Amino acid sequence: MIGFLRGFLRGFAGFIAGVQDLAIFSGRVVIRSFRPPFYFRDTYEQAYNAGVGSLHLALISAFFAGQALGLQFSRQLAETGSTTLIGMLMTISVVRALGPDLIGLVVASRLASGYTAEIGAMRMP
């Protein structure tokens, strides 16, 4: 029982030390964000690459996902004879529900792979 308690307290102390390190690091990041030098051009380039650079990939993915969803809706609605509702259902499902999630996943994965490639290309001294 004492061994379990000792191990638990060591683990808890390690957790608290990790939280402390995270808090100190976060504070340093916030403080140094408002000190020069400011990299406005680099920030603009990264934002442009993240947004406009990912647009074609996101649109192609959304197009094919919408086509697959439309095909499935048309098959299901043809059984009940209400195929006139497919436009409204596609608008609700793709634009409101599926679209933002799909675009977010595609853009996030593109950015993560780009950052990973940049890190992989770095050389260690």
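Figure 1. Helices here are DSSP runs of H or I with at least four residues, strands are E runs of at least two, and both are numbered from the N terminus. Keep in mind that this is a predicted model: local features need pLDDT of at least 70, side-chain atom pairs count only at pLDDT 80 or more, and totals for chains, interfaces and linings use all residues. Residues are numbered from 1 along each chain as its sequence is written, and side-chain values use heavy atoms, with hydrogens and water left out. Read along the sequence, the pattern is α-α-α-α. The radius of gyration is 25 Å, well over the 14 Å that the globule rule gives for 125 residues, so the chain is more spread out than a compact globule. (That radius is taken over C-alpha atoms, and the rule is 2.2 Å times the number of residues to the power 0.38.) The C-alpha trace spans about 70 × 55 × 30 Å along its principal axes.

Figure 2. Ser93 is buried, at 15% relative accessible area; buried means under 20%, exposed over 50%, and partly exposed in between, using a 1.4 Å probe and protein chains only. Leaving aside residues up to four places away in sequence, Ser93 touches Leu69, Phe73, Leu98 and Gly99, where a contact means heavy atoms within 4.5 Å. Its side chain also reaches the backbone oxygen of Leu89 at 2.8 Å.

**Figure 3. Arg41 and Glu45 form a salt bridge.** The closest N and O atoms are 3.4 Å apart; the cut-off is a side-chain nitrogen of Lys or Arg within 4 Å of a carboxyl oxygen of Asp or Glu. A search of the whole structure turns up one such bridge. Both partners sit in helix H2 (residues 40-51), four residues apart, or about one turn of the helix. Arg41 counts as exposed at 66% relative accessibility, while Glu45 is partly exposed at 35%.

**Figure 4. The peptide bond from Pro36 to Pro37 is cis.** Omega is near 5 degrees for this bond. Pro37 itself belongs to the loop between H1 and H2.

**Figure 5. Phe4 in helix H1, residues 2-33.** With 61% relative accessibility, Phe4 counts as exposed. Phe4 is also one of the residues that make a nonpolar surface patch of about 1000 Å², with Met1, Leu5 and Phe8 among the others. Patch residues have over 30% relative accessible area and no salt bridge; like charges are joined within 9 Å, and nonpolar side chains (Val, Leu, Ile, Met, Phe, Trp, Tyr) within 5 Å.

Notes:
Polar contact = N/O pair within 3.5 Å; in protein donor to acceptor, adjacent residues only side chain to side chain. Areas by Shrake-Rupley, 256 points an atom, 1.4 Å probe, with all protein chains shown as cover.
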